[in-house]
Amino acid sequence: MADVEAFRLRLVEANAVMNLVGPDSLPDFWNRHAWDSAQLLDHAGEARTWADLGAGAGFPGVILAILLKGRAGGHVWLVDSLGKRCRFLQEIVAALDLPATVVNGRAEEQAIKVDVVTARAVAPMERLLAYAQPYVLRGAQALFLKGEKAEDELIAARKVWHFQSDLLPSRSDPRGRIVTVRSLRRV
C-alpha cells in the first residue's frame with residue numbers, strides 16, 4: 001500500500017503540469033484508478049507478464065507492477081508512444097523499484113511476448129484490437145478496462161474483426177466493464 005500511496009502522490013504532483021488524468025478523478029484515486037486496475041489480477045489466473053498498451057499515467061500497468069513486486073517472474077511492460085508520459089513512468093518505475101520496463105513506441109510495433117495484454121482509456125475497441133493483435137497472436141490473453149459503452153464498441157469492432165469475447169462487470173464502477181478477447185483476426 002505504501003508504494004501505491006507513493007505513486008498517488010507523484011501522480012498528483014506530475015498531473016499539475018502534465019494533465020495525465022482528469023483532475024476531477026484524483027480525489028477518487030483509490031476506487032477509480034487503483035482498485036479499477038488491481039481487479040484485473042483476479043481475471044488473469046497465474047499470469048506473471050503483462051503489457052499495458054497506451055500506459056499513459058500508469059493505469060493499469062503501474063498498479064499491476066506494484067502488486068506483482070516480489071512475485072517470481074512478475075513483470076509489466078508499460079508501452080506508450082509519448083515521450084513525456086514515458087519519462088513520468090520511468091521515474092515511477094525507478095523510484096518504487098518496480099518490475100517494469102517502459103517502452104517508448106507504438107504498441108503494435110513491439111515484439112513483446114506476455115501472458116496478458118491490457119489497456120485502459122486508449123482507443124475505441126476497433127483500434128485497440130489492432131494495437132493488441134500482435135500480442136494476442138503470440139499467446140497473450142487480452143483484458144481491457146472499458147466504460148459504459150463497451151457493448152457498442154464491441155458491435156462496431158465486429159465490422160472489422162472476428163473475435164470471441166466476454167463482457168465482465170467491473171467491481172470498481174457499476175458502469176464499467178472488463179472485456180476479454182480471444183481468437184482475434186481481421187474480417
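**View 1. A34 is buried, with a relative accessible area of 7%.** Buried here means under 20% relative accessible area, exposed means over 50%, and partly exposed is what falls in between, using a 1.4 Å probe and protein chains only. The model is a predicted one: local features need pLDDT of at least 70, side-chain atom pairs count only at pLDDT 80 or more, and totals for chains, interfaces and linings use all residues. Residues are numbered from 1 along each chain as its sequence is written, and side-chain values use heavy atoms, with hydrogens and water left out. A34 sits in helix 2 (residues 29-38); helices (H or I, at least four residues) and strands (E, at least two) are DSSP runs, numbered from the N terminus. Leaving aside residues up to four places away in sequence, A34 touches V4, F29 and I63, where contact means heavy atoms within 4.5 Å. A100 lies 66 residues from A34 along the chain, and the two C-alpha atoms are separated by 17 Å.

**View 2. Helix 1 (residues 2-18) and what covers it.** With 17 residues, helix 1 reaches 24 Å from first to last C-alpha, close to the 24 Å expected at 1.5 Å a residue. That expected span is 1.5 Å times one less than the number of residues. The buried residues in helix 1 are V4, F7, R8, L11, A14, N15 and M18. As a reminder, an α-helix has 3.6 residues a turn, so residues three or four places apart point the same way. Helix 2, helix 3 and helix 4 (83-96) are among the elements covering the buried residues of helix 1.

**View 3. The open sheet has seven strands in the order 3-2-1-4-5-7-6.** Its pairing is mixed; two strands pair if DSSP finds at least two bridges between them. Strand 3 (100-104) and strand 6 (161-169) are at the edges with a single partner strand each, so one side of each has no neighbour in the sheet. From one strand to the next, the twist averages 20°. Helix 3 (residues 61-68) lies across strand 1 (49-53), strand 2 (75-80), strand 3 and strand 4, running at about 165° to strand 2. Helix 6 (residues 150-157) lies across strand 5, strand 6 and strand 7, and runs at about 170° to strand 6. For these angles, axes are lines fitted to C-alpha atoms, for helices over the stretch in contact, and values run from 0 to 180 degrees between N-to-C directions.

**View 4. Strand 1 is largely enclosed by the rest of the structure, because five of its five residues are buried.** T49, A51 and L53 are buried on one side, W50 and D52 on the other, and both faces are covered. In a regular strand the side chains alternate between the two faces of the sheet. Strand 1 pairs with strand 2 in the parallel sense over five bridges, and A51 stands opposite W77 there. Going from strand 1 through helix 3 to strand 2, the chain makes a right-handed β-α-β crossover. Right-handed means that, with the strands pointing away from the viewer, the path from the first strand over the helix to the second runs clockwise. Strand 1 also runs parallel to strand 4, joined by four bridges, with D52 partnered by T118.

**View 5. Strand 5 (residues 141-146) is largely enclosed by the rest of the structure, because five of its six residues are buried.** Strand 4 (residues 116-120) pairs with strand 5 in the parallel sense over five bridges. T118 has L143 as its bridge partner in strand 5, while A119 stands opposite F144. Strand 5 also pairs with strand 7 (residues 177-186), antiparallel and over five bridges; here K146 partners R177.

View 6. Just past helix 5, G139 takes a positive phi of about 105°.
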